[in-house]
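Here are a few notes to go with the model, written for someone who will want the cut-offs as well as the values. Have a look at the structure first, then read on.

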Amino acid sequence: MTDLLDLRPDVADALRKGDPVVALESTIISHGMPYPTNLEVARRVEEIIREAGAVPATIGLIDGRIKVGLTAEELSLFAQAADVAKVSTRDLGLVLANGAQGATTVAATMITAALAGIRVFVTGGLGGVHRGAEQSYDVSADLTELGRQKVAVVCAGAKAILDLPKTLEVLETGGVPVIGYGTDEFPAFFSRTSGLPLAARVETAKDAARVMKSHWDLGLESGLVLANPLPDAAALDQEQVEAYIGQALAEADAERITGKDVTPFLLRRLGELSAGRTLQANIALVENNARIGGRWLWLTPSSKPGPSTRRSRNTP
């Protein structure tokens, strides 16, 4: 698998030196936001991470290769192209074999980050257990990969359209620590709180690093979730968000929208129903997560990740 990785030169150099690198997904660009907002946000998030002293590595699939660190031109391509596939775990091999363009979800980004030796990944919100999963069995592969990839994910909780209590239960079953960053409650993406208590809380990125190191020093293979609430100024009223979600879910059901098309549809409809407020909240939370993720400069020499021993193109 690693033979299919192309590391951007600055990413390869940082990994060789043990300097901090932060992974970023590309689905949020191709399927999460409209153009040109998606491109502006992608560039801004990378800038925030660089300002903090880390190297951003947005991940995507192009021409049968996994690009770890998209170029400026490639970011623009992902923001505008209409034929970019949404790639989760099951799709990686298929899209690579076909030489198609693919935007990585949380799951696929975690897999690639782990292969490259990147331990920190910034995203907006996790996928999880969908509402009505007791009938549909719709559970995101994001949760599966969190249970088996040694990557810490900085996020604003799981997407509010999901069944958050069930999502937390699946994470617990997978042995994934969910740590509140300055909060005792699991964030609800567009809202700062969900009413769901967390077992652990940290106040700084350095504190989170200690947890990461202890977790992985035990030989545990699961990832970690650093749940970081969005800023107060951008937060939406939870009851109003629930009303929007209820309407959007009913419309998705009426239109027989299923599988990987559900989340993009719901996020788009929430943006329309809220007159753009959910989109603005999404932007604010992603940028806020990047500020936290970019601070991962405290990794000690014993815990600094390095590239996989299996070689990839451009890996020294």
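Which helix is included in what covers the buried residues of H11? Helix H12 (262-273) is part of that cover. Before the details, please bear in mind that this is a predicted model, in which local features need pLDDT of at least 70, side-chain atom pairs count only at pLDDT 80 or more, and totals for chains, interfaces and linings use all residues. Numbering starts from 1 along each chain as its sequence is written, and side-chain values use heavy atoms, leaving out hydrogens and water.

1. **The span of H11.** Helix H11 covers residues 238-254; helices here are DSSP runs of H or I with at least four residues, strands are runs of E with at least two, and both are numbered from the N terminus. The expected span is 1.5 Å times one less than the number of residues.

2. Val 241, Tyr 244, Ile 245, Ala 248, Glu 251 and Ala 252 are the buried residues of H11, where buried means under 20% relative accessible area and exposed over 50%, with partly exposed in between (1.4 Å probe, protein chains only). Seen down the helix axis, the buried residues fall within an arc of 125 degrees, so they line one face of H11; the arc is taken from the directions from the axis to the C-beta atoms. On the face turned away from that buried side sit the exposed residues Glu 239, Asp 253 and Ala 254.

3. **The ends of H11.** Asp 237 caps the N-terminal end, with a side-chain oxygen 3.2 Å from the backbone nitrogen of Glu 239. Just after the helix, Arg 256 takes a positive phi of about 55 degrees.

4. **A buried charge.** Glu 74, in helix H4 (residues 72-80), is worth a look: Glu 74 is buried yet has no salt bridge, and the nearest side chain of opposite charge, Lys 67, is 4.4 Å away. A salt bridge needs a side-chain nitrogen of Lys or Arg within 4 Å of a carboxyl oxygen of Asp or Glu. Lys and Arg count as positive, Asp and Glu as negative, while His and the chain ends are not counted.

5. **Ala 23 and Ala 113.** Ala 23, in strand S2 (residues 21-24), is buried at a relative accessible area of 0%. Ala 113, in helix H6 (residues 106-116), is also buried at 0%. Ala 23 is in contact (heavy atoms within 4.5 Å) with residues including Ala 113 and Phe 121.

Methods
A polar contact is a pair of N or O atoms within 3.5 Å; within protein, one must be able to donate a hydrogen and the other to accept it, and residues adjacent in sequence count only if both atoms are side-chain atoms. Lists of a residue's contacts leave out its neighbours within four places in sequence.
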